[in-house]
Amino acid sequence: MIDDVTDAIISISRHFGVMERDIVCCGEVTVQQCVALQYLDRGARDVTSLAKDLGTSVSATTRLVDGLEKKAWLQRRK
């Protein structure tokens, strides 16, 4: 049940994020960053699978992950 609710919230957030990517939703976190962090909270994944989840290109997702790593909000395994 909780996973269903979480999936619905992520789906709504993803659609909102596509329209309003640069809007800050919580402090310094943009909607797109928030959605990415929610997916990553479920477990580690590669950039390609994260891009698929987010509905964005691999290059855009790489830039997103680079920014999150720069802010020390995640640590990338290479």
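How are helix 3 and helix 4 oriented to each other, roughly parallel or roughly perpendicular?

1. Confidence. The model is predicted. Over the protein chain the average pLDDT is 82, and 79% of the residues score at least 70. Among the elements of the chain, helix 4 (residues 58-70) has the highest mean pLDDT, 95. The lowest, 60, belongs to strand 1 (residues 24-26).

2. Helix 3 and helix 4. The axes of these two helices come within 9 Å and cross at roughly 105 degrees. Angles of 65 to 115 degrees count as roughly perpendicular, so helix 3 and helix 4 are roughly perpendicular to each other.

3. The contact between them. Helix 3 contributes Val47, Thr48, Leu50, Ala51 and Leu54. From helix 4 come Val58, Thr61, Thr62, Leu64 and Val65. By class, seven of the residues in this contact are nonpolar and three are polar, with no charged residue.

4. The largest pocket. This pocket holds about 310 Å³ of space. It is lined by 13 residues, and those closest to its centre are Leu40, Arg45, Gln75, Arg76 and Arg77. Two elements give two or more residues to the lining: helix 2 (31-41) and helix 3 (47-54).

5. Eight residues lining the largest pocket are nonpolar, four are charged and one is polar. The contact of helix 3 with helix 4, by comparison, has no charged residues.

Notes: Residues numbered from 1 in each chain as written. Predicted model: local features only at pLDDT ≥ 70, side-chain atom pairs only at ≥ 80, totals over all residues. Heavy atoms only, no water. 1 Å grid on protein atoms, 1.4 Å probe; cavity = no way out; pocket = protein on both sides within 12 Å on 5 of 7 lines; lining within 4 Å. Points joined across faces, edges and corners; volume = space filled by probe spheres on them. Helix = DSSP H or I, 4+ residues; strand = E, 2+ residues; numbered from the N terminus. Nonpolar A, V, L, I, M, F, W, Y, C, P; charged D, E, K, R; others polar. pLDDT = per-residue confidence, 0-100. Axes fitted to C-alpha atoms, helices over the stretch in contact; angles between N-to-C directions. Parallel < 35°, antiparallel > 145°, perpendicular 65-115°, else oblique. Contact = heavy atoms within 4.5 Å.
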